[in-house]
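Work through the following exercises with the coordinates open beside you.

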Amino acid sequence: MKVDVGGTQLFFDVEGPLLERGETEWRSRPTVVLLHPGPGVDHSVYKDLMGPTLAEVAQVVYVDQRGDGRSDRSNPSRWNLETWAADLHELLEALEIERPVLLGSSTGALVALQYAWRHPERPAKLVLISAVARYVHARSIAVFDRLGGSAAGEVAAAYFADPNETTLAQYLQVCLPLYARDGFDPDVVARMRMNPEVTAHWDRTESTRIDLREAAASVRCPVLLVAGEDDPSATIGAVEELAAAFPPGVVEFKRYANARHGVIRDEPRALEEIRRFVSA
Amino acid sequence: MRVEVEGERLFFDVEGAKLRPSGPWLEEVPTVAIVHTGPAADHTPYRDHIGPLLARSAQVLYLDLRGCGRSDANDRRGWNVEQWSSDLRELFRRLNIERPIVLAHGWGAFAALRYAQRWPDELSKLILVNPTARIVVPRIVSRFDELAGAPAGEAAHNFFERPSEQTIGTYMHECFWVLIPSSDAAGVMVSPIWNFELAVHWVDNEARTLDLRPGLASIEAPTYVFAGTDDAQYPAASIEEVVAGIPGANVVWFDGARHSVFRDAPQSLELIHEVVRA
């Protein structure tokens, strides 16, 4: 399905009904909106594991954000957090999803945070996976060095210094496999519709300057923060920094040794935690 | 979820993803929109049988027609088949659902038939369970008479001739168990959010003159009818008019099945599933 958000068509898919039979009447389950990583990736990364697991306890809404997957490409001036959060708001309004649980991995988590900042009354809960408030490239390069040797560190450094489609291609070849402890399932990769132009644009522009600690400080709903201690992208130091930025008492921080950016695939307990948090 | 269509918010729910992982691909499955029976009922009974089954092979859209269930019921001027059929189209348009399969049951078939008449090339398949093109009161009354005796026939006569809060109350009391005679009747009774005001309004107005027979010949969607011989509210003689009127319509009859063919003839479930998958 698609929905129009001010002239741009956003693709979404749904898994699991909203209503379930209670003892005496139909009752609503939570609605979880899954915000994909990237940017430049699409909702498909959630289709094999995260979505079906959460659909057991909630209605799952998959979204391709503007520029990605099956949504309209729009144009580079609109590939930014403010727009993606505004699009999310339009989608929730159009479908009358009033109190969603927002789940995002990587940049998807940033969209969730940005949205929560702009509309603090709306999210019921946030699940932020492999998320940071800001990117500190030196920390990332050090982890790439450790996981993949200095060649990986150099490719990452070259990409961060000048994000374009050539340096990105090298980054995807050398660094992306280090995002998951055992590499990625080739079928999962094949199912992605990638848009490297969006990725490179993001890494040239907003990712160099964002700092969502203020957004985190404004959050009032319960937050589950999930991180892999060996994540080269969302380094554990950067995740700790984000965790510290929330008001006292809202965050549950689950961190897993020997897990990386794809913490859900590296560590089955992480998915169990998320399922529990969503259904609680 | 609900979307607003011409001033009223229409409820829908979804079972089953549209795009499903299949090796290196995301495989697209058809969309089936279930249009509930009534008047006055809602989509919830289909969650017990046909919905979950079809969700194995399709994305199932449960929806409540304007005025029904969890959809808004603010303006009774919209409680007519013309509006319900254009609501369906607008809902599909707003959600970008292309060439859906529509599965309509009983009263819901009025909206589905009208949709297929007005926009003949938009539905990929039309699956109708006990559809009729009009309300023929003497037929309904005589079927209730035959199946349950004079009190049921009289209650049906009174409701369809003089619809009111009182006559629909008697109708539900005397006739509901004739329509849904199985052990599930109590469960089906408590499942929907009933809007009896809509039922009274519709029976008192549009139902008196509605006749969709003239447009049946213009329906182009491949049509599959699953019919119970013993549905008193949607009598076999009226179902036959629909089958005869739609070019190339396929029909399967279930002997003794009443209003809920799904429950009374469980073998219908897999046959409907096959149509969706074909």
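**Exercise 1.** Determine which strands helix H2 of chain A lies across, and at what angle it runs to E1(A).

*Solution.* Begin with the assignment, in which helices (H or I, at least four residues) and strands (E, at least two) are DSSP runs numbered from the N terminus. Helix H2(A), residues 81–94, lies across E1, E2, strand E5 (31–35), strand E6 (59–63) and E7 of chain A. Then take the directions: H2(A) runs at about 115° to E1(A), where axes are lines fitted to C-alpha atoms, for helices over the stretch in contact, and angles run from 0 to 180 degrees between N-to-C directions. The model is a predicted one, in which local features need pLDDT of at least 70 and side-chain atom pairs count only at pLDDT 80 or more, whereas totals for chains, interfaces and linings use all residues. Residues are numbered from 1 along each chain as its sequence is written, chains are lettered from A and ligands numbered from 1 in the order in which they are written, and side-chain values use heavy atoms, with hydrogens and water left out.

**Exercise 2.** Give the strand order of the open sheet in chain A and identify its edge strands.

*Solution.* Two strands pair if DSSP finds at least two bridges between them. On that criterion the eight strands of chain A follow the order E1-E2-E6-E5-E7-E8-E9-E10, with mixed pairing. E1 and strand E10 (251–256) of chain A are the edges, since each pairs on one side only, and the twist from one strand to the next averages 20°. As a detail within the sheet, strand E7 (101–105) and strand E8 (125–129) of chain A run parallel and are joined by five bridges, with Val127(A) in E8(A) as the bridge partner of Leu103(A).

**Exercise 3.** Why is one side of E1 and of E10 in chain B left without a neighbour in the sheet?

*Solution.* Chain B has an open sheet of eight strands in the order E1-E2-E6-E5-E7-E8-E9-E10, again with mixed pairing. Strand E1 (2–5) and strand E10 (250–254) of chain B stand at the edges with a single partner strand each, and therefore one side of each has no neighbour there.

**Exercise 4.** Characterise the interface of chain A and chain B by its contacts, buried area and salt bridges.

*Solution.* Counting contacts (heavy atoms within 4.5 Å), 28 residues of chain A touch 31 residues of chain B. The buried area, which is the accessible area (1.4 Å probe) that two parts lose on being put together, summed over both, comes to about 2,400 Å², 56% of it on carbon and sulfur atoms. In chain A, Met1(A), Trp26(A) and Glu96(A) lose the most area to chain B, together 26% of what that side buries. There are three salt bridges between the chains, each requiring a side-chain nitrogen of Lys or Arg within 4 Å of a carboxyl oxygen of Asp or Glu; one of them joins Asp48(B) to Arg21(A), with the closest N and O atoms 2.8 Å apart.

**Exercise 5.** Where does the cis peptide bond from Gly38(A) to Pro39(A) lie, and what is its omega?

*Solution.* Omega is near -10°, and Pro39(A) lies in the loop between E5 and helix H1 (50–54) of chain A. In chain B, the peptide bond from Gly38(B) to Pro39(B) is cis with omega near -5°.
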